[in-house]
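Me: I would like to learn how to read a protein model. Could you walk me through one?

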Amino acid sequence: MGKPTGFLEFERLSEAYAPVEQRLKNYKEFVVTLTDEEASKQGARCMDCGIPFCNNGCPVNNIIPDWNDLVYRGNWKEAIEVLHSTNNFPDFTGRICPAPCEAACTLNINTEAVGIKSIEHAIIDKAWENGWVKPQPSAVKTGKKVAVVGSGPAGLAAAQQLARVGHDVTVFEKSSRIGGLLGFGIPDFKLDKAVIDRRVEQMQAEGVVFKTKVLVGDKNLPAGINNDATEVVSAEALKAEFDAVILAAGSEVPRDLPVPGRELKGIYAALEFLIPQNKEVQQGIANPINVKGKHVIVIGGGDTGSDCVGTSNRHGAASVTQFELMPMPPESENKALTWPYWPYKLRTSSSHDEGCSRDFAVATKGFVDDGKGNVKALKAVRLDWKDGKMAEVAGSEFELPCDAAFLAMGFTNPVGSLLDAFGVEKDARANAKATTDGEGCYRTNVDKVFAAGDVRRGQSLVVWAIREGRQAAREVDAFLMGSSVLPR
């Protein structure tokens, strides 16, 4: 694969970013895709390693060495065909996937991995530019009807696969646009929503019907859950109308922080900030939360927290501080210990580079009232971690100015009322209980009701959602037709 000596001749080249001062002025994507020559050199670095661990490092099992080689040789159209054979939406993963495939790259044992994600991004962008991405409607209709609840990557992948083998698929989404958290949760500067819209148009041409602003199940949702629904459909109605139902609604309930002062104004779950901001950018609906000139504290060190950092900087926040409960990871992993698995190391996002003070091993103790019901400061304490257990460091308490706090500590489980409406059994973490092994994969305890993506596995990556959506589609197809030609 690639050039036999390519990994010795060429260095890893990462995608470039627009300058910070330029990108902070808008919400547009700022990643500069590799040129054909740059992508070819990266493809050349893919060595003939014998056992390509990148295939298994990638949850959708992308055939990475093959399309690396095709790009190296300039066979771009063949490259997108190979890429699409395992991944319905490389335009999503090429932008926002953290690239576990690169952690598993054989070159990563003692040097820098092949820039797999940047090559993937280049392939799909070139495919759209050249008109190679076309609808693939089925020539034959089965007469079977499938409902998909949720239009995130799991729901979209399942819907596309099922439509392409002839089923009539309807996707139900409670938000005002398709995409789930891809659409409203992830900022436009990381994923331009035109990227989603063109996939929706492709799927509509393939026969998929999308219904937005439709809530399935109980209309009483927990606080902090986005709901644009103007219509409610019962679980019984879906089961009566459709031959199979796939629950792909994601894991939406945010983890809260029950400390003194949590009720003060100015403290929000992360998506209470990010979703309205996306609506402002996309639909012109003003975000009620504006942090211009304010001291912002983001609690939680993951991707959602990073998105809050980047958005706050674009508002013109006076300062942005991010707290993480865990100790600061090492700047570089111990490759001999971690390869080919996802390593524990310090990760700095483009949003951090735009301006952010990061602090680790810090626990929030409470928020301070300004006397009018607004937050004015945050109380915290430093932590000492030993043998996986944390203890507060005596005398380390401190206080920081805080005009706005965003809780970005992850998501605990899907909305329980949806699962309850269908009578779906839950696992110990309150996710939909459905196995991925043996017979009955992705089936719940309820007849003809399946579950895939974060609603089943818990909060995870977009690439895992696509994998589960594809695999669930195969199981549904086999359930309806007795067998399936869809890939597992």
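Reply: We will go from the whole chain to a few single residues. This is a predicted model, where local features need pLDDT of at least 70, side-chain atom pairs count only at pLDDT 80 or more, and totals for chains, interfaces and linings use all residues. Residues are numbered from 1 along each chain as its sequence is written, and side-chain values use heavy atoms, with hydrogens and water left out.

Me: How many helices and strands does the chain have?
Reply: Helices (H or I, at least four residues) and strands (E, at least two) are DSSP runs, numbered from the N terminus. Here the chain has 20 helices and 20 strands.

Me: What does the radius of gyration say about the chain?
Reply: It is taken over C-alpha atoms, and the globule rule is 2.2 Å times the number of residues to the power 0.38. For 488 residues a compact globule would have a value near 23 Å, and the chain agrees because its own value is 23 Å. Along its principal axes, the C-alpha trace spans about 70 × 60 × 45 Å.

Me: What percentage of the residues is buried?
Reply: Buried means under 20% relative accessible area, exposed means over 50%, and partly exposed is in between (1.4 Å probe, protein chains only). In this chain, 52% of the 488 residues are buried.

Me: Which residues of helix H5 are buried?
Reply: Helix H5 covers residues 64–72, and seven of its nine residues are buried. They are Ile64, Pro65, Trp67, Asn68, Asp69, Leu70 and Val71. Contact means heavy atoms within 4.5 Å. The buried residues of H5 pack against helices H3 (36–44), H4 (53–57), H6 (76–84), H8 (100–103) and H9 (116–129). After H5 comes glycine 74, with a positive phi near 85 degrees.

Me: Where does lysine 448 lie, and what does its side chain reach?
Reply: Lysine 448 sits in the loop between helix H18 (416–422) and strand S20 (449–451). It counts as partly exposed because its relative accessibility is 21%. Setting aside residues up to four places away in sequence, lysine 448 touches Lys239, Phe242, Asp243, Ala244, Val245 and Phe479. For its polar contacts, we look for a pair of N or O atoms within 3.5 Å; within protein, one must be able to donate a hydrogen and the other to accept it, and residues adjacent in sequence count only if both atoms are side-chain atoms. The side chain of lysine 448 reaches the backbone oxygen of lysine 239 at 2.5 Å, and a polar atom of that side chain lies 2.9 Å from the backbone oxygen of phenylalanine 242.

Me: Is histidine 352 buried or exposed?
Reply: Histidine 352, in helix H17 (residues 350–353), is buried, as its relative accessible area is 8%. A polar atom of the histidine 352 side chain lies 3.0 Å from the backbone nitrogen of serine 349. Beyond neighbours within four places in sequence, histidine 352 is in contact with Ser306, Gln322, Arg347 and Arg358.

Me: Which residues does the cis peptide bond join?
Reply: That bond joins tryptophan 339 and proline 340, with omega about 5 degrees. Proline 340 lies in the loop between helix H16 (335–338) and H17.

Me: What is phi in alanine 361 and in tyrosine 442?
Reply: Alanine 361 is not a glycine, yet its phi is positive, about 55 degrees. This alanine lies in the loop between strand S13 (357–360) and strand S14 (362–369). For tyrosine 442, also a residue other than glycine, phi is positive and near 65 degrees. Tyrosine 442 lies in the loop between H18 and S20, and it counts as buried at 1% relative accessibility.
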